[in-house]
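Please examine the sequence and the model shown below.

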Amino acid sequence: MKKFLFSAIISAYSLLSHFSVHAQAGIFKVRLMVDKVLTSSVMVTAGNQTANSFSSFRFPSNLQDSIKSDIQKTVQKQLFQNATFIYDLKDDGTPRKTLETGTYAGGYPKMTKKRAMFSYEEEIYVKVKIKVQGYKGPAFGAMGVQYSNIHPTVKFKLKAYDSGKKKIYSRKIRLWDFDKVSSVSFSNQFSTVTNTNALNPQQVYQMIHHTMMVFNEEEEKNR
């Protein structure tokens with residue numbers, strides 16, 4: 001009898017493990033914003049406060065893939081589910097993705113929760129928001145020339161819902177422990193021109209990667 005019970009327990013555990021391994025989380029929306037203040041080498045602000053920035057910032061395909069991989073690993077660690085990106089499909093069958101604008105990164109899924117649940121049968125539905133922003137510190141210098149530092153920050157937010165639309169996970173983190181970015185502004189009565197030691201895509205990626213790594217470490221400590 002004891003052997004039978006032991007075998008039944010082992011079988012049940014194996015079955016549960018099987019379902020856990022093959023369970024699926026569908027990532028239906030990723031919104032990744034990178035502040036032009038950090039990536040624009042030159043910014044012109046007119047007297048009417050209209051700003052024109054000069055930035056060719058884009059994540060190359062290898063860094064897009066690295067960010068996707070980091071997101072998948074984070075979802076798997078936090079929700080104990082295999083994770084995949086799911087996309088809304090256009091009329092021609094191609095996936096609908098976010099557009100590259102220089103501020104918002106392209107190539108990621110963009111669906112509403114309702115649309116994702118209608119189109120895909122997943123155990124869990126996940127959306128992610130990443131904001132890389134810059135905040136200017138105090139300026140100093142002579143008349144017409146001002147020096148300042150920009151403080152980069154990364155905010156990472158992860159939300160998950162079950163198939164019944166119930167929110168089952170919501171966590172976020174914001175980090176400030178990044179190197180400051182220097183800038184200098186030249187002003188006259190008509191406009192202000194700001195030259196910034198702009199960040200490149202690899203530097204921005206390393207900040208995002210570090211933030212998700214800390215996010216996972218803190219979640220492990222809280223368990």
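A residue is called buried when its relative accessible area is under 20%, exposed when over 50%, and partly exposed in between, with a 1.4 Å probe and protein chains only. The model is predicted: local features need pLDDT of at least 70, side-chain atom pairs count only at pLDDT 80 or more, and totals for chains, interfaces and linings use all residues. Residues are numbered from 1 along each chain as its sequence is written, and side-chain values use heavy atoms, with hydrogens and water left out.

**The nonpolar cores**

In soluble globular proteins, nonpolar side chains tend to be buried together. A nonpolar core is here a set of buried Ala, Val, Leu, Ile, Met, Phe, Trp, Tyr and Cys residues joined through side-chain atoms within 4.5 Å. The largest such core has 41 residues, and those with the most contacts inside it are Phe59, Ile71, Val75, Val126, Ile130, Val132 and Ile208. At least two residues of this core come from each of strand E1 (24-34), helix H3 (61-79), strands E4 (82-85), E5 (124-136), E6 (145-162) and E7 (167-175), and helix H5 (201-222). Helix H5 gives the most, with seven residues. Helices (H or I, at least four residues) and strands (E, at least two) are DSSP runs, numbered from the N terminus. Another core, of seven residues, lies apart from the largest one; Ile86, Met111, Met117 and Tyr125 are among its members.

Ile71 is located in helix H3 and counts as buried because its relative accessibility is 0%. Its C-alpha atom is separated by 9.6 Å from that of Thr84, 13 residues apart along the chain. Ser183 belongs to strand E8 and also counts as buried, because its relative accessibility is 5%.

The table lists contacts (heavy atoms within 4.5 Å), leaving aside neighbours within four places in sequence.

| Residue | Residues in contact |
|---|---|
| Ile71 | Ile27, Val30, Phe85, Val128, Ile130, Met212 |
| Ser183 | Gln146, Tyr147, Ser148, Ile150, Thr194, Asn195, Thr196 |
| Ile208 | Leu32, Phe59, Ile67, Ile130, Val132, Val154 |

**Strand pairing**

Two strands pair if DSSP finds at least two bridges between them. Strand E8 (residues 181-187) runs antiparallel to E6, and six bridges join the two. In this pairing, Ser183 of E8 is the bridge partner of Ser148. Five bridges also join E8 to strand E9 (residues 191-196), again antiparallel. Here Val193 in E9 is the bridge partner of Phe186. E8 and E9 form a hairpin, with three residues between them.
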